Amino acid sequence: MTVANPRLTSVTLAAYGWMPKDWAQRFYPEDLPSNWQMVYYSNDFNEVLVPASAWESGALVADWSVLPAGFELYLEITTALLESAHWAQVCECIEQTLAMQISGLWVDASAQHQLPAAWGQRFAVHLATADTLLATMPVNANAQLGLLRTDQGLTPAALRTLFEALQAKTAHKDVVLFLDTPYAVVGQIQLMRQVYGV
């Protein structure tokens with residue numbers, strides 16, 4: 001449901017991919033086998049945004065069945081992915097293996113017209129433009145999606161600006177914020193959620 005400037009009541013944190021920035025060193029145990037990362041991640045987080053680039057590095061052969069019931073997948077769809085040589089395999093994986101776990105698609109606005117026609121009805125398609133924090137959400141979405149990208153921790157001023165932007169720009173009371181950031185940002189945002197009561 002789209003509401004004009006609703007009161008923001010929750011911000012759920014999740015990662016952009018299984019291992020953004022320094023998460024390999026800061027979040028995962030040093031001796032954890034790489035094929036156990038999905039399960040370990042799902043102990044602390046309930047959603048993930050699968051980057052379009054992940055399909056080139058093994059997502060097609062991942063054992064998705066290890067994810068717990070109720071875990072939500074969001075998939076990034078870009079023009080490059082839609083035009084890649086392996087798009088037919090990606091599409092088959094989405095249709096035959098992942099469809100029931102997909103809660104939404106994070107779609108570059110320029111790629112929207114190339115999506116399979118039925119996907120607009122089947123999945124919540126969130127349209128993103130370059131350098132925007134929040135994607136434009138469809139009316140059937142359970143939350144608005146955001147993507148925060150930075151190579152370093154956030155200053156107190158930057159954290160305040162982030163939360164003010166979320167409060168001012170969200171079209172839904174719930175936001176799922178995907179992080180392509182150092183792991184320290186998770187703790188910073190968790191603290192700010194307490195301050196802002198979300």
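Me: Which residue's side chain meets that of Asp180 in a salt bridge?

Reply: This is a predicted model, in which local features need pLDDT of at least 70, side-chain atom pairs count only at pLDDT 80 or more, and totals for chains, interfaces and linings use all residues. Residues are numbered from 1 along each chain as its sequence is written, and side-chain values use heavy atoms, with hydrogens and water left out. A salt bridge is a side-chain nitrogen of Lys or Arg within 4 Å of a carboxyl oxygen of Asp or Glu. At 3.2 Å from N to O, the partner of Asp180 is Arg149.

Me: Is Asp180 buried or exposed?

Reply: Buried means under 20% relative accessible area, exposed over 50%, and partly exposed in between (1.4 Å probe, protein chains only). Asp180 has 12%, so Asp180 counts as buried.

Me: Which residues are linked with Arg149 and Asp180 in a network of salt bridges?

Reply: The count of salt bridges comes to seven. One of them joins Lys21 to Asp151, with the closest N and O atoms 2.7 Å apart. The network links Arg149 and Asp180 with Lys21 and Asp151.

Me: How far apart in sequence are the parts that Lys21 and Asp151 tie together?

Reply: Lys21 is partly exposed at 39% relative accessibility, and Asp151 is exposed at 64%. Lys21 lies in the loop between E1 and helix H1 (23-26), while Asp151 lies in the loop between E6 and helix H6 (156-169), so the separation in residues is 130.

Me: Which residue forms a salt bridge with Lys173?

Reply: Lys173 is partly exposed, with a relative accessible area of 41%. The side chain it meets, at 2.9 Å from N to O, belongs to a residue with a relative accessible area of 17%, which is therefore buried. That residue is Asp174.

Me: With which strand does E1 pair over six bridges?

Reply: Strand E1 (residues 10-16) is mostly covered, as five of its seven residues are buried. Two strands pair if DSSP finds at least two bridges between them. E1 pairs with E2 (residues 47-50) in the parallel sense over two bridges, while the six bridges, also in the parallel sense, join E1 to strand E7.

Me: Which residue in E2 is the bridge partner of Ala15?

Reply: On the E7 side, Thr12 stands opposite Val176. In E2, the partner of Ala15 is Val48.

Me: How many disulfides are counted?

Reply: A disulfide is a pair of cysteine sulfur atoms within 2.5 Å. The sulfur of Cys93 is 10 Å from the closest cysteine sulfur, in Cys91, which is too far for a bond. Both residues are buried, Cys91 at 18% relative accessibility and Cys93 at 8%. The number of disulfides is zero.

Me: What is the volume of the largest pocket?

Reply: On a 1 Å grid over the protein atoms alone, a pocket is an open set of points where a 1.4 Å probe fits, with protein on both sides within 12 Å along at least five of seven lines, and lining residues have an atom within 4 Å of a point. Grid points are joined across faces, edges and corners, and a volume is the space filled by probe spheres set on the points. For the largest pocket this comes to about 460 Å³.

Me: Which residues lining the largest pocket are the closest to its centre?

Reply: Ala, Val, Leu, Ile, Met, Phe, Trp, Tyr, Cys and Pro count as nonpolar, Asp, Glu, Lys and Arg as charged, and the others, Gly among them, as polar. By class, the lining has 12 nonpolar, seven polar and one charged residues. Of the 20 lining residues, the closest to the centre are Trp18, Ser34, Gln37, Met38 and Ala62.

Me: Which elements give two or more residues to the lining of the second largest pocket?

Reply: The second largest pocket holds about 220 Å³ of space. Its lining divides into five nonpolar, two polar and four charged residues, among them Glu76, Trp106, Asp108 and Arg149. The elements asked for are strand E4 (102-108) and strand E6 (144-149).

How values were computed: Helices (H or I, at least four residues) and strands (E, at least two) are DSSP runs, numbered from the N terminus.
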